[in-house]
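Hello,

I am passing along a structure for you to explore. Have a look at it, and then read on for what turned up.

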Amino acid sequence: MNIEEETVKIKEEVGRGTRGGPYVYVLEGNELIHINEYASRKLPCKCTGEVIYEVPKNKLVGKTIYCFGFSRSGGEFLIKCKINDFEDGRPKRYEYCESIRKRFNDIRHLKFRIREPTLIFLLTQFNRLFIPIIRDIKEYENIQNFKISFMGHQARLEDAFRNPELYYFTFMSLPRDKSRIKSLKVTRRWLYQLWVLKLLCEALKVSKFKGHKYEGEPYWWIEQGSDFSTGIGETPFGDITFWLEFQPGKGAHMIGMFAGRRVPIRPDIVVVKGYFKRTIDFIDSKKPIDLIIKCKEAPFSKWKNEINSQILPYQETFRPRNFIVVSLESVPQRIKKNLETHEIKVIDNIKPSSENLRTLYNVVEKVFK
């Protein structure tokens, strides 16, 4: 068989997102193109969770191939090789296999091919709005002398926070634009929540953070549904405890004070007066929630249906003393008025340098006076 007729099998593990791979890309100029665009056949294998691509070898001879892979814990690695290095669907020989961060300078000038306009828009907005948000959070972290610690399955969020350029190569290595969009949206949501939490701390004039400490240094505990509070601040109004993605507990008894039943919902930000290192400490205190914040970084058209499915149920279930919806984008006036009848205040256009930041500060300060 001559090279014009020869095919090579290339395997990818699918269904695990950035805990799977390796995802195979061919370098054309400075563009990374997924192997699917070169394949003559694509053979899904449900029993192994793999996809096998049959690729005409002559399409790839002499071209550089990058394989982006992830461990089960989310750790990332990068393999650089050629098509002749593949045996039984995997590269058996390669120029290097190291973490993406170690080879970052070698690839930072490269870009992935994108076909979905929504992804282009989200990436543009990420650079324009969310990178400044990250800088703002980091500046506050340094000024207040604490550290943000990402626990559990937060590898991509930590990538975005520590190094947005490197983050691009982790989530964008997913083969499909729809998967990339989904991953990016999750990261945006968490970053916006972190930033709004930072704004709340500023509004409440936190002088220092207490509670969680590592080697004497306080930190925010960032983990979805954790039993630990995110942070505890010392303020002119006394100690105040904050939670991101507050979850009362897995058992029905943990949420009895709110609804008398298990409710599988997590308010974005919960704020209460007092010092509560663990969620159970707050539950046992029988104290009410002083403030719930629902953060919305997407346009109103994307979350309007969540008013009935999330926002109003949060109000009914947790019965906070105060409830605020904080939106990155504008919210129609009629929606604001409607939610006010349910004692839910909407503050929109909350983004860096917005005039509405002062409104948020004033509202939050009044809650705790």
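Here is a question to start with: which residue forms a salt bridge with Arg180? The partner is Asp177, and the closest N and O atoms of the two are 2.8 Å apart. Both residues sit in helix α5, which covers residues 177-203, and they are three residues apart, about one turn of the helix. Arg180 counts as buried, at 2% relative accessibility, and Asp177 is buried too, at 14%. Please keep in mind throughout that this is a predicted model.

Now for the overall picture. The chain has 369 residues, and 53% of them are buried. Its secondary structure consists of ten helices and 21 strands. If you take the contacts between residues at least 6 apart in sequence, 64% of them join residues at least 24 apart.

Across the whole structure, a search finds 32 salt bridges.

One of them pairs Arg90 with Glu50, at 2.7 Å from N to O. Arg90 belongs to strand β9 (residues 90-91) and Glu50 to strand β5 (residues 50-56), so this pair ties together parts that are 40 residues apart in sequence. Glu50 counts as buried, with a relative accessibility of 18%.

Another joins Asp348 and Lys336, at 3.0 Å from N to O. Here Asp348 is in the loop between β21 (345-347) and α10 (356-368), while Lys336 is in helix α9 (residues 333-340), twelve residues away. Both of these residues are buried.

Finally, the cysteines. How many disulfides does the structure hold? It holds zero. For Cys97, the nearest cysteine sulfur is that of Cys67, 9.1 Å away; Cys97 itself is partly exposed, with a relative accessible area of 37%. Cys295 is buried, at 4% relative accessibility. The closest cysteine sulfur to that of Cys295 is in Cys201, and the 12 Å between them is too far for a bond.

Notes: Residues are numbered from 1 along each chain as its sequence is written. This is a predicted model: local features need pLDDT of at least 70, side-chain atom pairs count only at pLDDT 80 or more; totals for chains, interfaces and linings use all residues. Side-chain values use heavy atoms; hydrogens and water are left out. A disulfide is a pair of cysteine sulfur atoms within 2.5 Å. Buried means under 20% relative accessible area, exposed over 50%, partly exposed in between (1.4 Å probe, protein chains only). Helices (H or I, at least four residues) and strands (E, at least two) are DSSP runs, numbered from the N terminus. Contact means heavy atoms within 4.5 Å. A salt bridge is a side-chain nitrogen of Lys or Arg within 4 Å of a carboxyl oxygen of Asp or Glu.
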